[in-house]
Amino acid sequence: TTLKFTLYDARLLPKASYRCGTAPPAGKRYSTLRNFAEVLVHGIERLLPDADEWQRLDVVGISWPGVIRDQKIAGASGILKHFDEGVASNWIRRNSVEKIRSLDLISDLRVVLAARGINSPVGFGLANDGFCEALGRLLHIDLRGNTWAVLKLGTGTAGAVIRGRRIVEGLTEFGKLIMNVYHDGPHEMTTENTTPDGDLNKYAS
């Protein structure tokens with residue numbers, strides 16, 4: 001899994017790209033979400049010719065591999081394995097809804113910018129990666145027909161349904177759907193990064 005950054009112009013055409021790993025150096029973990037926000041800001045700056053470019057950015061869109069509600073992280077995600085457990089965990093059994101929903105990546109991004117003396121009017125948006133994949137298709141492809149299903153096959157499985165050129169509200173973390181409800185063995189949930197047997201990720205990722 002890597003962090004991928006792309007800078008688009010006003011016509012939504014890509015101008016520059018940059019990629020880096022999600023893990024901190026030397027096997028460490030992020031001690032706060034703000035530490036991770038600093039990595040994101042650094043990645044964005046790698047695409048900008050100079051600091052003044054922040055003033056010309058309109059929107060920073062963030063595609064997150066996990067459940068998002070009201071532009072906040074709302075569920076366990078593989079990327080959280082790089083965080084101290086006091087912040088969050090990719091293991092669903094070690095997370096509480098209250099702890100996960102206290103994570104506010106957009107607020108931390110604004111704090112990081114302010115600490116760098118960057119007074120930028122840029123807007124931030126945070127959405128599930130399956131939703132973002134569908135949105136990209138809507139913007140760049142002439143979808144013929146009334147209904148489309150978009151699948152994103154990576155470390156996990158995400159996607160969305162497009163109907164009448166609108167993204168249908170609903171589940172986008174397809175990989176967590178249970179496909180084999182008649183699984184007759186024990187569900188191995190005693191180790192980190194495991195999900196109930198029979199979910200879609202076991203078949204598609």
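The model is predicted: local features need pLDDT of at least 70, side-chain atom pairs count only at pLDDT 80 or more, and totals for chains, interfaces and linings use all residues. Residues are numbered from 1 along each chain as its sequence is written, and side-chain values use heavy atoms, with hydrogens and water left out.

**Helix α3**
- Helix α3 spans residues 105–115, and its buried residues are Leu105, Ile106, Asp108, Leu109, Val112 and Leu113 (buried means under 20% relative accessible area, exposed over 50%, partly exposed in between, with a 1.4 Å probe and protein chains only; helices are DSSP runs of H or I with at least four residues, strands runs of E with at least two, numbered from the N terminus).
- These residues lie on the same side of α3, because they cover an arc of only 160° around the axis (the arc is that of the directions from the helix axis to the C-beta atoms).
- Ala114 and Ala115 are exposed on the face turned away from the buried side.
- The cover over the buried residues includes α1 (33–47), β3 (59–64) and β6 (123–128).
- After α3 comes Gly117, with a positive phi near 75°.

**Asp108**
- Asp108 sits in helix α3 and counts as buried because its relative accessibility is 12%.
- Setting aside residues up to four places away in sequence, Asp108 touches Leu33, Arg34 and Ala37 (contact means heavy atoms within 4.5 Å).

**Phe131**
- Phe131 belongs to helix α4 (residues 129–140) and is partly exposed, at 32% relative accessible area.
- Beyond its neighbours within four places in sequence, Phe131 is in contact with Gly159, Ala160, Ile167 and Thr172.
- Ile162 is 31 residues from Phe131 along the chain, and their C-alpha atoms are separated by 9.8 Å.
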